[in-house]
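I opened the notebook today to look up a few backbone angles and how the nonpolar side chains group. Here is the model I worked from.

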Amino acid sequence: MGSPIAVIGAGYVGLTTAACFAHLGHKVTCADVVEAKVDSLQRGEIPIYEVGLEELVRAGMDNGNLSFVLGSEMAVRDAEFVYLCVPTPQAAEGSADLRYLTAAAKQIGPYLQSGTVVVNKSTVPVGSTLLVEGALGRSDTPVVSNPEFLREGSAVNDFLQPDRVVIGSDDQAAADRVASLYVDCGAPIMVTDPASAETCKFAANAFLATKLSFTNAIAAVCEAVGADVNGVLLGMGYDHRIGHEFLRPGPGWGGSCFPKDSKAIISIAEDAGYDFALMRGVIQANDEQFDRIVRKVESVTSLDGATVGVLGIAFKAGTDDTRESPAIEVMKRLLAKGAMVKAYDPAVTSLNLDGVDVVDNAYAACEGASAIVVATEWDEFTSLDFDRVSDLVAERNMIDARNLLDRDALKRRGFTYQGVGRS
Ligand code: UDX
């Protein structure tokens, strides 16, 4: 028998959480404050691009397990669990802005039944469980931390088949109740104290970002010494302590989580008296990676007045999300050096960046270009007709920032080719 669950916030995390819990058989009411969003969700239309999510939302609505409402009051009245999935954007100094979280908690406090477990799924600084408890103004509704580890593009899968479920609570009974929601996921469920659960989320993302900055630094070393990064990473990855995953070099890392969380953990540590210098280095290396890609373009063509074709705008393939996208960081730097950019992305149709012309196919982005930069690893770029591309460009220069393309096929067509960590 499913439990009545309210999910506050219908963004990436909230919508995925709501649809997946409905799929697992719970009765879910998902609330948002944006009327237009709730209207479209009530019609079964989802406002984001996420593999498998729309199907789950529709199935949940069809079988009566999932509904959407405007405002949280209606959603929480009968709920046994309330999941807080509101945004925690970055404040000016790198810390998280908890305005939405406290507002949501304040709003629902008076309407909760006694014993309802309030679950914090938003990424929040250490100590936020206490903050939510305070904002609820209740002593009979335990607050539990249950951070998400969802990747965009595979969020549904990551929710239903997680590597682990982390639950943070000082109230064992409340933690056990939250754990029971995940029994069908077949993953290890770990119960710890709230501060450890909250820190775990930041630590996991900070570590992954570190792994990527390290990978990109090794790619730079490979370029300097004439090694091929693919061989190096393969050889490293066979060591099971390192593993093969998350070792793909690229134009730098981005997205809605890594940049925000890596800055936040520095700020959290600083507030508590620890200087997380290593993490500052990780962020700096990422910034330098954007510059390194631009330098590769500059090494083959003069940028002032040149047209550069950029393939990919999203921060990674499989999403239309452009938040903190490395592709955009690279474009900004190209523009600053006087280049004009023609960009194409299969999932992104507009971009508010002066000097960037977003076109509707890859060939249009290549037309008249003095160099092409592959910035996002979309599969469709591998099957372009490169004879046609050769005829369209002004100069045959390929900067493959995702090591995606067939280097030899391009060289045969007279392209200069620069990957990341391989030439
Ligand atoms: C990330 C975490 O993976 C997820 O657990 C967390 O909860 C949210 O943040 P997401 O931002 O969706 O997920 O993307 P992810 O797939 O982790 O990629 C982040 C960035 O790293 C992207 O810019 C991606 O292109 C880059 N990346 C990833 C690499 O450059 N190489 C890799 O091997 C993997």
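Predicted model: local features only at pLDDT ≥ 70, side-chain atom pairs only at ≥ 80, totals over all residues.

I went to Asn403 and found its place in the loop between β13 (397–400) and α16 (407–412). I then looked up the phi of Asn403, which is near 45°, a positive value in a residue other than glycine. Is Asn403 buried or exposed? With 17% relative accessibility, Asn403 counts as buried, because the cut-off for buried is under 20%.

Entry two: another positive phi. I turned to Glu324, where phi is near 50°, again positive in a residue that is not glycine. I placed Glu324 in the loop that runs between β9 (307–311) and α13 (326–336). For Glu324 I noted a relative accessible area of 43%, so I put this residue down as partly exposed.

I asked myself which residues have the most contacts inside the largest nonpolar core. My list reads Leu15, Tyr83, Val178 and Tyr182, in a core of 41 residues. I saw that helix α1 (residues 12–23) gives the most to this core, with seven residues. I also jotted down a second, separate core of 34 residues, which includes Leu233, Leu247, Ala327 and Leu351. As a general reminder to myself, nonpolar side chains tend to be buried together in soluble globular proteins.

Entry four: a closer look at Val178. Leaving aside residues up to four places away in sequence, I found that Val178 touches Phe81, Tyr83, Val117, Val119, Val144, Asn146 and Ile167.

Conventions. Residues numbered from 1 in each chain as written. Heavy atoms only, no water. Helix = DSSP H or I, 4+ residues; strand = E, 2+ residues; numbered from the N terminus. Buried < 20%, exposed > 50% of the residue type's maximum accessible area, 1.4 Å probe, protein only. Core = buried A, V, L, I, M, F, W, Y, C linked by side-chain atoms within 4.5 Å. Contact = heavy atoms within 4.5 Å.
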